[in-house]
Amino acid sequence: MIKRLEVDGVPAVLGPASGPTHAGLVFRVGTADEPLARRGLTRLVEHLVTDGLGADGQQLGATGAEHTYFHIHGSPAEVADFLTGVCAALRNPPAARLATVRQLVQGTPPDRDPLPMWRHGARGFGVPSYPEWALPGITADDVQEWIARYFTRENAALWVAGEEIPEGLVLDLPSGERRPAPTVTTELPVTPAYFSRAGGTVTWDTMVRREARAAVFATVLERRMMNDLRRRDGISHQPHTEYVPRADGTARIIAVADALPEKQEAALGGLIDVLAAMRAGQIDPDEVATVVKLTCEGLRDSESRGARLPGQAFNLLSGREVQTLEEALAEVRAVTAGDVTEVAAAAYGNGLLMTPSGSSADWAGYTAAPEMSEAALPGRVHRGRKDRGLRLISGDEGISVTGYGQVASVRWDECALLLAWPDGGRRMIGPDAVTARIEPTLYRGADRVVREIDARIPARLRIDMPPRDRVAIPQPQAPPREVGWRARLFLRFRGR
């Protein structure tokens, strides 16, 4: 039985669990709250406040899209010491350790998921697709301001898996306010959509309503992929899905079909076939019944281990009530094959597919996600030094780079981030993730544009980059027969 409590003004859930006590403190802040120019700040705070605590138990800090939490397995005394220490460090961050911790964080960059950027752009849920460029410039004042905004008593929740709240636990957090869930935006004009990227996996993601039948659909999809792509066709080694609930009432579903290079096209076709078949209602009721049964067994097991408690704490932060085991089981038991078919159709319509480099999904009815801007902004034109097909345009509305049928435009008032190199190179990233690359070496009179960019873009949106090697600075070339490397001046950021 999960109990709803309050500890030092922080809402909490307590439930019995087999095994040692484990507990966690969660805050409603994650990478989706970070402006692109502050990417990495939340993770830096997470590591800074746990640095040097030295708890004997198994401790963990993690930063997700919407939540940051501190978790520990251990004795009640170890739990109390660790979480009390986290709160004390948030009250008084160890600024003297900032440089050392920052170096450690930079040495362990997070995995970057390329899909969110294509769906959500360069803000909100799209930010995790980008590197943590901001880390070198983050100051102690930045850390303190972020803590004061998000790591507060009113923006926290606690879960404890044990018989009682550990004696000596003190959640002495600064006062603040509850922060709402980040807004889910989209930059995709049409779905289902696709984009191409080099790599060893074919990946699909979608957005659906957060509900039990969507979670069941995700599991049914995984079992179908395992049967068709692995056992039957042998084209994917470990296909899998993931269901990620969000605080706003939506959920993200990801499906991954890993494959060797020579089998990637087959994996793409196989995944598309599975999705299309489920959309058309080719879903076995017995399979759904099996998944429902297994899901219920998993919920009971999670209840016994206290593994449902973190989700209930997350729910408290989004204004949801604690859900009993029986309520959760009832929702899952009510799911039918018809429900799963409805979710499959909605999921298919919202889908975004990452295809192997050089391949497309046009043949399956998917639309290519836009890589460029629709039009150039008006302004003063600077032609290429040797290649007159290239143009750099600067005007009252913003910057455009054009050439060979491609356009990258970023408005002054919508710039999400400016990257600045000592040699004068500039990259302006717009909210749609389109990047305008301004290279003074390539355009006549471009130094004037660089000065204009530096004057117009606020310092809070600027990140100064380290010097580039000479070979990394583009040099003027005669017009090509093919677009070649020039395409990189216009396309969305792809991790290079």
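I429 is buried in this predicted model, with a relative accessible area of 1%, where buried means under 20% relative accessible area and exposed over 50%, with partly exposed in between (1.4 Å probe, protein chains only). I429 lies in strand 18 (residues 426–429), strands being DSSP runs of E with at least two residues and helices runs of H or I with at least four, numbered from the N terminus. Not counting residues up to four places away in sequence, I429 touches L36, A122, Y130, W133, V410, C415, A416, L417, V434 and T435, contact meaning heavy atoms within 4.5 Å.

In helix 5 (residues 140–150), the buried residues are D142, V143, W146, I147 and Y150. Because these residues cover an arc of only 130° around the axis, they are on the same side of helix 5, the arc being that of the directions from the helix axis to the C-beta atoms. They pack against strand 3 (21–27), helix 1 (41–50), helix 2 (76–91) and helix 3 (98–106), whereas D141 and E145 are exposed on the other side of helix 5.

The largest nonpolar core has 63 residues, of which F151 and L158 touch the most other members; such a core is a set of buried Ala, Val, Leu, Ile, Met, Phe, Trp, Tyr and Cys residues joined through side-chain atoms within 4.5 Å. Helix 2 gives the most to this core, with eight residues. A second, separate core of 46 residues includes W204, V208, M278 and A328.

Residues are numbered from 1 along each chain as its sequence is written. Local features need pLDDT of at least 70 and side-chain atom pairs count only at pLDDT 80 or more, while totals for chains, interfaces and linings use all residues, and side-chain values use heavy atoms, with hydrogens and water left out.
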